[in-house]
Amino acid sequence: HGYLLPWIHRDIFRNLFTTREDISHFLYVEDDLEIRPETIPYWLHGREFLRPFGLIPAFVRYEVGEDGLRYSSDSYKRWHVNNLPRIELNDGYWVNVRYPYQASYLMDRELMAEFLSSRTQSPDFGTWPIREKASQGLIYANVPAGCYSRSFVRVSSTGAIDDAALIHHL
């Protein structure tokens with residue numbers, strides 16, 4: 001069925017995970033996203049920082065409006081950092097994304113091992129529509145108490161999303 005086409009990558013990832021130990025990371029993206037060079041170091045740094053908490057760095061999809069401004073493709077309400085679960089830093093926060101859809105996921109081998117043995121492998125897991133579920137990865141598996149998901153985004157002390165966390169929905 002056409003709605004299951006976005007799920008095919010999981011068989012490929014499973015095969016690569018089991019046969020190619022030289023592959024360190026697995027990136028799934030829908031075909032209309034721009035992943036910039038600074039996005040990967042953002043994720044790698046965030047992964048090391050968030051790992052002890054069982055959390056995963058997230059991206060925020062945006063589109064450019066006719067006014068030239070960036071708008072989130074997936075957040076329907078303004079974020080109020082003080083109302084979100086967060087980890088405070090000296091110069092900002094990692095905040096829990098209330099609406100974590102990002103049309104992609106990035107996993108290291110540790111996350112991929114968890115993913116391949118989790119119930120998130122099933123198209124029946126979760127509440128998103130079937131095609132969107134293909135990109136949810138582990139964000140709703142093993143969610144710590146008090147969090148909406150495992151997805152956390154880096155923001156500055158002024159509440160600005162780290163530019164490296166932004167992925168352009170083309």
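Let's start with asparagine 142, which counts as exposed at 58% relative accessibility. In this predicted model, asparagine 142 sits in the loop between helix H4 (130–133) and S9. Its phi is near 55°, a positive value in a residue other than glycine.

Alanine 103 also deserves a look: it has a positive phi of about 60° although it is not a glycine. You will find alanine 103 in the loop between S7 and S8. With a relative accessible area of 0%, alanine 103 is buried. As background for both residues, most residues other than glycine have a negative phi.

## The nonpolar core

The largest nonpolar core holds 45 residues, and the members that touch the most others are Tyr42, Trp79, Met112 and Val153. Helix H3 (residues 109–116) supplies the largest share of this core, with four residues. In soluble globular proteins, nonpolar side chains tend to be buried together.

Setting aside neighbours within four places in sequence, valine 153 is in contact with Tyr42, Ala58, Val60, Trp79, Tyr93, Trp94, Val95, Val97, Ile161 and Ala165. Serine 151, found in strand S9, is buried with a relative accessible area of 2%. Not counting residues up to four places away in sequence, serine 151 touches Ile56, Ala58, Val95, Asn96, Val97, Pro100 and Ile139.

## Strand S1 and its partner

Strand S1 runs antiparallel to strand S8 (residues 104–108), and five bridges join the two.

## Salt bridges across the chain

The whole structure contains 13 salt bridges. In one of them, arginine 36 pairs with aspartate 163, with the closest N and O atoms 3.2 Å apart. This pair links distant parts of the chain, 127 residues apart: arginine 36 belongs to the loop between strand S2 (33–34) and helix H2 (39–50), and aspartate 163 to the loop between strand S9 (151–156) and strand S10 (166–169). Buried or partly exposed: how do the two partners count? Arginine 36 counts as buried because its relative accessibility is 12% and the limit for buried is under 20%, whereas aspartate 163, at 36%, counts as partly exposed.

Arginine 61 forms a salt bridge with aspartate 74, and their closest N and O atoms are 2.7 Å apart. Since arginine 61 lies in strand S4 (residues 60–64) and aspartate 74 in the loop between strand S5 (70–72) and strand S6 (86–89), the pair ties together parts that are 13 residues apart in sequence. Here, both arginine 61 and aspartate 74 are buried.

## One more pair and a network

The side chains of arginine 154 and aspartate 91 also meet in a salt bridge, at 2.8 Å from N to O. Arginine 154 is in strand S9 and aspartate 91 in the loop between S6 and strand S7 (92–96), so this pair ties together parts that are 63 residues apart in sequence. Arginine 154 counts as buried at 14% relative accessibility, while aspartate 91 is partly exposed, with a relative accessible area of 46%.

Finally, salt bridges that share partners join Arg47, Glu48, Arg51, Asp108 and Glu110 into one network.

Technical notes. Residues are numbered from 1 along each chain as its sequence is written. This is a predicted model: local features need pLDDT of at least 70, side-chain atom pairs count only at pLDDT 80 or more; totals for chains, interfaces and linings use all residues. Side-chain values use heavy atoms; hydrogens and water are left out. A nonpolar core is a set of buried Ala, Val, Leu, Ile, Met, Phe, Trp, Tyr and Cys residues joined through side-chain atoms within 4.5 Å. Buried means under 20% relative accessible area, exposed over 50%, partly exposed in between (1.4 Å probe, protein chains only). Contact means heavy atoms within 4.5 Å. Two strands pair if DSSP finds at least two bridges between them. A salt bridge is a side-chain nitrogen of Lys or Arg within 4 Å of a carboxyl oxygen of Asp or Glu.
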